[in-house]
Amino acid sequence: MSDQNNTTPGRVEGLLRQWGADEAANQAAAELAAPPATRKTPKREPKPRRSPMRTFFKWVPAGLAASLLLAASIVFMRTSEFAPQMSYELAHDRNVDYEAVTSQPADKTIDPIVDLSGELAAAIQDAADARKQADALQTELTTVKADKKSSDATIKELLTEKAGLAAKLAHKVEMDKAHEILLAKSEQNTRDVKKKLETKLAAAQKQLVDALAAKPKTPDNAKELAALKVKLTVAVDELKRQQATFRLASIETAKAKEALAALKVRQNVTFDQIRRVYLAAAAPGKTGIASLQTAMKNRRLLNRCSALQQKSRNDADKKLLARAEVILMRFGLLDVSDPSAIKAYDQLLAKSDIIASLDAALGQRATDAETQDWLFETKLILTGVQRIA
Amino acid sequence: MHKRITLLLVLVAGGFLSGCGKSAPWAGQAEPVDIAQAMADYRDALKRIDKLEYATALVKLERVSPLFDQAGDGTHAAESLFWLGFCREKLQYEDMARETYVDVIERYPLSKPAKYAKTRLDAMNQPS
């Protein structure tokens, strides 16, 4: 067979040609039998076009329902029980760190190994940074602790010195008041004496004039007249002397008033200095009304007041502590960013006699040291408000 | 399809409206809040507290506090509620005072009155 094949190449070629022709014929027949792949489905009849108005009216109920839903949701939000708190929540939400959210890395398509090594390096760097930050915080904490210790020591020292100073101040205030009363009395006395003398002089003059008019000049009358003239001269001299005394007293009174005013100024300056030291220790880094609020908070004035009220056996002290507590609490609730609120509080202090009551209580020796400290600190805060406002 | 969407929207809106409860504007009992009058009463109540007249202040605050709440004035609502608790505490209604302070803390947690309420609550809970 193989010999035959090898010897008849022309025949093989013929067979191959025959096979090719058969294949071509079969393919052609198959193509004819199958439907062409690109043949399109017959087109349907086009639908009749809808009217736009019909479509619109069809969706009107849905639109109305959507509006109703929107209105209902607004009403729900406004009327639900958590609505009043929304202002606080919104204020809180504003503090969210959006940077952290937006700085998320984008989806990376780089080689995972390179990516991981990069992340590792970043993590190592982050850890080093964190360690540095922790060290810095530790240092800061140590400094803050030292500062606090120092502040506490200063306040303690201040309060120790304050006891004597407060007593001195109270004594001075008492002396000033006594001095003022004495001056007023002295002025009144001088005025009274002058008035009496003037009355006396007027009466003597009248008596003399009447005597001269009523009686003719006889030797007896002349004697009487001479006596009256002497009386008049004495009265005039007395009046002159009293007038001189009155002038001197007036000069002395003016001097004393000036000295009193100077003393009050000195007292205020001293008190301001004490307040400055107190605030520097109790509210470091703060200024204005905020420093007073911070000092009140840091020195736990309200907590101490509650404890003092429970301990106090004196009704007057209890009442004063209760009044001062309310005043301080109102100060604590004050919005320091609202100037009108600060002004209103200042007016409240001006109308109230709380500072005078604190002064009076500080002047009393009967009040215990703890209460005295509290009263003095409260006075520093409240007078500070008046000073700043 | 549009019918289904409409039905869904109506149902959801109905749900919201039923959630509005009594405080809905058309519920009948809600009247417009006279905020100026409420503020005047509140100031008067504070004056009473300054004079240690807690009972009179309490009566005013009980009336005024819900009005601020109703008007959506969170700041004054929180403050008036705190002072209400304070008056109750001073008048020895301790349980009611505690409840009021807790109310302030829960409803206005970030406010200054809430901090003060917490301080007073802690002081009340300490054994004397």
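Tutor: Gladly! Helices here are DSSP runs of at least four residues, strands are runs of at least two, and both are numbered from the N terminus. With that in mind, the elements of chain A read α-α-α-α-α-α-α-α-α-α-α-α-α from the N terminus on. Please keep in mind that this is a predicted model.

Student: How many helices and strands does that give chain A?

Tutor: Chain A has 13 helices and zero strands. Of its 389 residues, 28% are buried. Chain A exposes about 27900 Å², and carbon and sulfur atoms supply 59% of that area.

Student: What makes the pair A:Arg275 and A:Asp272 a salt bridge?

Tutor: The rule asks for a side-chain nitrogen of Lys or Arg within 4 Å of a carboxyl oxygen of Asp or Glu. For A:Arg275 and A:Asp272, the N to O distance is 2.8 Å, so the pair meets the rule. The structure holds 23 salt bridges over all chains.

Student: Why are A:Arg275 and A:Asp272 separated by about one helical turn?

Tutor: Because they are three residues apart in helix α7 of chain A, which covers residues 219-282.

Student: How do you know whether A:Arg275 is buried or exposed?

Tutor: Buried means under 20% relative accessible area. A:Arg275 has 7%, so it counts as buried.

Student: Which chains does the salt bridge of A:Glu325 and B:Lys90 involve?

Tutor: The side chains of A:Glu325 and B:Lys90 meet at 3.0 Å, N to O. This pair crosses between chains, from A:Glu325 in helix α10 (residues 315-332) of chain A to B:Lys90 in helix α4 of chain B.

Student: And what are A:Glu325 and B:Lys90 called in terms of accessibility?

Tutor: A:Glu325 has 0% relative accessibility, so it counts as buried.

Student: Why is the pair B:Asp44 and B:Arg48 called a salt bridge?

Tutor: Their closest N and O atoms are 3.9 Å apart, and the limit is 4 Å, so the pair qualifies. B:Asp44 and B:Arg48 are four residues apart in helix α2 (residues 35-50) of chain B, which means a separation of about one helical turn. B:Asp44 is partly exposed at 24%, and B:Arg48 is partly exposed at 27%. Elsewhere, salt bridges that share partners join A:Glu325, B:Glu89, B:Lys90 and B:Arg120 into one network.

Student: How do the axes of α10(A) and α2(B) lie to each other?

Tutor: The two axes come within 9 Å and cross at roughly 145°. From α10(A), the contact is made by A:Arg323, A:Val326, A:Ile327 and A:Arg330, and from α2(B) by B:Leu46, B:Ile49 and B:Asp50. By class, that contact has four nonpolar, no polar and three charged residues.

Student: What makes the phi of A:Arg300 worth a remark?

Tutor: Most residues other than glycine have a negative phi. The phi of A:Arg300 is near 50°, a positive value in a residue that is not glycine. A:Arg300 sits in the loop between α8 (288-298) and α9 (301-311) of chain A, and its 47% relative accessible area makes it partly exposed. B:Gln92 also has a positive phi, of about 70°, although it is not a glycine.

Student: Where is B:Gln92, and why is it called exposed?

Tutor: B:Gln92 lies in the loop between α4 (74-90) and α5 (94-107) of chain B. Exposed means over 50%, and B:Gln92 has 61%, so it is exposed.

Student: And what is known about A:Arg299?

Tutor: A:Arg299 is in the loop between α8 and α9 of chain A. With a relative accessible area of 18%, A:Arg299 falls under the 20% limit, so it is buried. Leaving aside neighbours within four places in sequence, A:Arg299 is in contact with residues including A:Ile155, A:Tyr278 and A:Glu377.

Note on methods:
Residues numbered from 1 in each chain as written. Chains lettered and ligands numbered in written order. Predicted model: local features only at pLDDT ≥ 70, side-chain atom pairs only at ≥ 80, totals over all residues. Heavy atoms only, no water. Buried < 20%, exposed > 50% of the residue type's maximum accessible area, 1.4 Å probe, protein only. Axes fitted to C-alpha atoms, helices over the stretch in contact; angles between N-to-C directions. Contact = heavy atoms within 4.5 Å. Nonpolar A, V, L, I, M, F, W, Y, C, P; charged D, E, K, R; others polar. Areas by Shrake-Rupley, 256 points an atom, 1.4 Å probe, with all protein chains shown as cover.
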